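Please view the sequence and the structure together while reading.

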Amino acid sequence: SAVRLRFNTGFGGQILTVGQQKYSDGSWHKVDVIKNGANTTLSVDKASDSVICDGEELESLVLGNLSSNQYVYVGGLPSWYTTKLKALAVPSVAFEPRFRGSFRNLMYLETGTGAADPEKQEMMAYKGVRASTVDACQHESPCQHASKCLSTDQGPICECDNTGYKGIFCEQESPISEAVFRGREGVKYDLNHIGGEPIITSVDKISLYFKTRKSSGLLFYNGHGSDYLLIHLKDGGVSLTINQRSGKLDTQVKPSGEPFND
């Protein structure tokens, strides 16, 4: 797991990533975002990442505007934002998964103003935030098949993701969805159709399952301009080709025994 900061002060999108340990461990972790002129630093516990944005004018490095700044949201955006994506500088943030966990001590300190202490931010409005400190999952979890139990003010909720089961307590086996191709079909995902933007990331993981009797065929492709990522079957093996500004990578995995098109 990692913590990622995305921002843009007029010099293109910047990404800072800190992920030297597993943060989804149930322990408290401290996050600091410090912006000092052209320098921006993201720190999580004792790990940090920073970037310098060069600008000719100091005003071009200012993030936000006092006369036009909007609210700060924590944990997720209101659902009505999906119908007003043009109001967001990064529309794809409306489709980010909501945070599940605990949150405390949101502080803000405007550097360079002489303020000695950070100002604690108070909630203006909230929805579905758990205020009780009683853990409804601690003594006896009703969640089955290794599903995750989430404690809420209304009682425990079972999270069935990646278990293969569904239902209130993840007690029902969930059928696996399959797409069947006969050689002329294809599936396309276009984020623009739902108002999003291309996903910007420095760490990627792509996983899929397939079965076939054919020795060759396209499995996955994504590209923009001269940059692309291609996964395909070739002579019974799986080939990966990545072309980026830094260079090109060609690699193949082929079993020594039976080919993958078995």
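K30 counts as exposed, at 55% relative accessibility, whereas D32 counts as partly exposed, at 30%. Here buried means under 20% relative accessible area, exposed over 50%, and partly exposed in between (1.4 Å probe, protein chains only). The side chains of these residues, K30 and D32, meet in a salt bridge (3.9 Å, N to O). A salt bridge is a side-chain nitrogen of Lys or Arg within 4 Å of a carboxyl oxygen of Asp or Glu.

The model is predicted: local features need pLDDT of at least 70, side-chain atom pairs count only at pLDDT 80 or more, and totals for chains, interfaces and linings use all residues. Residues are numbered from 1 along each chain as its sequence is written, and side-chain values use heavy atoms, with hydrogens and water left out.

## Salt bridge of R100 and E159

A search of the whole structure finds two salt bridges. One of them joins the side chains of R100 and E159 (2.3 Å, N to O). R100 lies in the loop between β5 and β6 and E159 in strand β9 (residues 155-159), so the pair ties together parts that are 59 residues apart in sequence. Strands (E, at least two residues) are DSSP runs, numbered from the N terminus. R100 is exposed, with a relative accessible area of 54%, while E159 counts as buried at 16% relative accessibility.

## Position of L106

L106 is located in the loop between β5 (47-52) and β6 (107-108). L106 is partly exposed, its relative accessible area being 34%.

Key
Helix = DSSP H or I, 4+ residues; strand = E, 2+ residues; numbered from the N terminus.
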